[in-house]
Amino acid sequence: MPGVQGFMYPNEIELQWSILIVLYPYITGLVAGAFILASLERVFNVQAVRPTYRLALLTALAFLLVAPLPLQLHLGHPERSFEMYLTPHRTSAMAMFGFVYLWYLMVVLLVEIWLDYRKELVLAARASTGVKRLFYRALTLGSDNLSPESLRIDDKVGRIVTVIGIPSAFMLHGYVGFIFGSIKANPWWSTPMMPIVFLFSAIVSGIAMVMLLYMVLTWWRGTGIDMNCADTVAKYLFYAFLVDFALEMLDLIHRIYEADESFRALDFMVHTKLFLSQIVLQLIVGTGVPILLLGITQVARIAPRIRLRMYLTAGVLTLIGIFAMRWNVVIGGQLFSKSFLGYTTYKLAFATREGLLPAILLMLLPFGILAVLLRVLPPWEHAPATDRL
Amino acid sequence: MDTSRRDFLIIGTRMFVMTSVAAAALEHVVAGAPEKAPSYNTADHWWAMTIDIEKCVGSGHCVRACKLENNVPDEPYFFRTWVERYHVDPLDMDHPTVDSPNGGIDGFPETYPDGKTSGKTFFVPKLCNHCADSPCTQVCPVGATFRTNDGVVLIDKSYCLGCRYCVQACPYGCRYIDPRTNTADKCTLCYHRLTKGLQPACCETCPTGARQIADLKNPKDPVHEFLRTHQIQILKPQMATGAKVYYNGLDGSVR
C-alpha cells in the first residue's frame with residue numbers, strides 16, 4: 001500500500017480529518033486569544049493596551065464568523081448540520097459546539113461590540129444621510145439615547161458582559177481541546193492537558209495576531225505606534241507563551257517518562273513524519289525563537305525601532321508555530337495506527353473541497369471581513385500618546 | 001457429456017436439497033426491512049460474536065461474503081470485516097509482524113517474502129465489536145449512530161452528518177466513510193439477516209466455523225457452552241468499551 005509503513009488497520013489508511021480541521025482550532029483559538037487581550041483592558045484595567053481594545057474585538061468577530069466554515073466544508077452532509085441544534089446528542093462534545101459558538105457570538109461578542117460602539121453608531125447615523133443613515137440607524141437597533149446616564153449604563157453592562165465573556169472564551173477554546181482530549185482511542189490526543197494546552201496556545205496566538213494587526217495597521221495608516229501599548233502587549237504575549245510552553249513541555253516530559261504502550265510508535269512518528277512540523281516548526285521556530293526574542297526585549301534595553309522588529313518577527317513566528325501545533329495535533333493524531341504497528345501519510349490535495357486552496361481562502365476570509373468591519377466600525381482613537389513611532 | 005446414473009442421482013439430490021433450503025429461506029428473504037419482521041422482538045436478544053482463533057485458516061471467505069452481502073466498496077481501505085495475520089517472533093514478542101493484504105479478501109500468501117520460519121503465525125478476524133459502552137455512539141453529535149435494544153451498534157445513514165468523529169473514536173478501526181453516501185459505515189452484524197432468523201454472511205460462509213453469531217439472551221445458544229469451556233479474551237480490554245466479540249485463543253500480542 002503506497003504511503004503506508006508497517007501495519008495499519010485497513011480502514012485507517014485514509015485520513016479522516018484534513019487541513020480544514022486544522023484550521024478549525026486555529027481560527028477558534030485566534031478568537032479566544034483576541035478576546036482575552038481585549039478583556040485585559042476592560043476588566044483588568046490595563047490602560048496601556050487600550051489602542052488594541054476595539055481592534056481585538058473586531059478581530060475576534062471576524063475570525064468567529066469564519067470559524068464554522070471549515071467544519072461545514074468538511075462535513076459529508078453539510079445540509080444536515082442544523083440537526084446539531086435541533087437534536088443534539090447530549091454525550092457528544094461536538095454537539096455542544098453549536099451552542100457554545102452561538103452563546104459566544106450572540107451573547108458575548110456582538111453585545112459587547114454593540115455596547116461599545118453604540119455612541120458612535122448614533123452619531124454616525126445623525127451625521128450621515130440616505131442609505132448610510134439608514135444603515136447606521138439599523139445598527140443602533142433604535143436605541144439613540146446618548147444621555148450621560150445611558151452611556152454609563154452601556155459601560156456598566158459592557159463590563160459585565162466582558163466578565164461573562166472571559167469564561168466563555170475559555171469555554172469556547174477549552175471545549176475545542178476537549179473534542180480531541182476526550183478520545184480515549186487515540187493516545188496522541190487523549191490527555192486532560194489538551195483543553196488547557198489548547199487554551200493557552202489560543203491566548204498566545206490571539207495576542208500575537210492582534211499585536212501584528214495593530215502594528216501593521218498603524219504603519220499603514222501612518223499614525224505611529226504607541227510604544228507603551230506594543231511593549232505591554234508583547235509582555236503579555238511573553239508571559240502567556242511561557243505558561244503555554246511550560247504546559248506543553250510538561251505534557252511531553254510526562255509522555256516520555258511514562259513511556260506507555262503507545263510511546264514507541266509516537267516517538268518514532270515525531271522523529272520522522274512529524275519532525276519538520278513538530279520539532280523544527282512548532283518547537284524551535286515557533287516557540288523557542290519567539291520566546292527568546294520576547295525574553296530579550298524584557299531584560300535588555302533595546303532601541304524602539306529594533307524592538308518593534310523583534311516583536312514583529314516573534315509575532316509572525318508565533319502564528320506559524322501555533323499553526324504547526326494544530327497541524328501536529330490534528331494530522332499527527334491520524335498518521336499512526338491505533339495498533340501502534342504502522343504509519344500512513346497525509347496527502348494534501350490542492351484544488352479539492354478539502355485541499356490547500358480552500359484552506360488558504362478560508363484563512364484569508366477573516367481578513368476580508370475585518371477590512372469591512374474596520375470601515376463600518378472604525379476602532380481608531382485619536383487620543384494623544386506620549387511615545388509614538 | 002457422459003453422465004452415469006450415479007452422477008445424476010448425486011447431482012439431482014444436491015439440487016433438491018439445496019433448492020429446498022433456498023425455498024425455506026425465501027419467506028425470510030422477501031420479508032424485506034427489519035421492521036417487516038414482525039416476529040422479531042429486540043428485547044428477546046443480546047447479540048455478540050465468538051471467534052475461535054484456533055479454527056481460523058485465513059481463507060478470506062468472511063471478507064468476501066461481507067463485501068458482497070453488504071455492498072461494501074471494493075477499495076482496499078473499506079472493510080466491515082477483515083482478517084489480520086500475526087507473526088510473533090519469540091525474541092520480540094511485543095512487536096509482532098502483521099499483514100492483511102487487501103483485508104485478507106483473497107486469503108494470504110503461504111510464506112512470508114522474507115522467509116520467517118521461527119515463532120508462531122495465526123489469523124485474527126476483526127469486525128465491529130458492538131460495544132455495550134461504545135465510544136463511537138458516545139461522540140456522535142446527532143445520535144445518528146446508536147446501540148439497539150438487542151445490542152447491535154447501527155448507523156442511521158439518513159441522519160449521519162459525515163463529521164467522522166465516530167471513526168476517530170473507535171479504538172479498533174472498524175469504521176469508515178462510505179464514499180458513495182458520505183456517511184459513516186461499519187458492520188451491522190448483518191442486522192437485516194439477524195432479524196429474519198438468519199446468521200450474518202461472514203458466519204455463514206466461514207469454512208471452519210471459526211465465527212459464530214451468539215445470542216446471549218437465548219439460553220439454548222451454544223455460546224454459553226463455548227464461553228464456559230474456553231479461555232475468552234476481548235480486544236483492547238483496557239479501553240473498557242464493553243466489546244462483545246469474544247475471542248478464543250487470542251494471543252497477548254494482538255492489538
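In chain A, 80% of the contacts between residues at least 6 apart in sequence join residues at least 24 apart, a contact being a pair whose C-beta atoms, placed from the backbone, lie within 7 Å. The model is predicted, so local features need pLDDT of at least 70 and side-chain atom pairs count only at pLDDT 80 or more, while totals for chains, interfaces and linings use all residues. Residues are numbered from 1 along each chain as its sequence is written, and chains are lettered from A and ligands numbered from 1 in the order in which they are written.

Chain A holds 14 helices and 2 strands, which are DSSP runs numbered from the N terminus (helices H or I, at least four residues; strands E, at least two). Its C-alpha atoms fill a box of roughly 70 × 55 × 35 Å along the principal axes. The radius of gyration of chain A is 22 Å, which agrees with the value near 21 Å that a compact globule of 389 residues would have; the radius is taken over C-alpha atoms, and the globule rule is 2.2 Å times the number of residues to the power 0.38.

Helix H2 (residues 53-66) of chain A and helix H8 (residues 193-221) of chain A have axes that come within 10 Å and cross at roughly 120°, the axes being lines fitted to C-alpha atoms over the stretch in contact, with angles from 0 to 180 degrees between N-to-C directions. The contact is formed by A:Leu55, A:Ala56 and A:Thr59 of H2(A) with A:Met209, A:Val210, A:Leu213 and A:Tyr214 of H8(A).

Key
Two residues are in contact if their C-beta atoms, placed from the backbone, lie within 7 Å.
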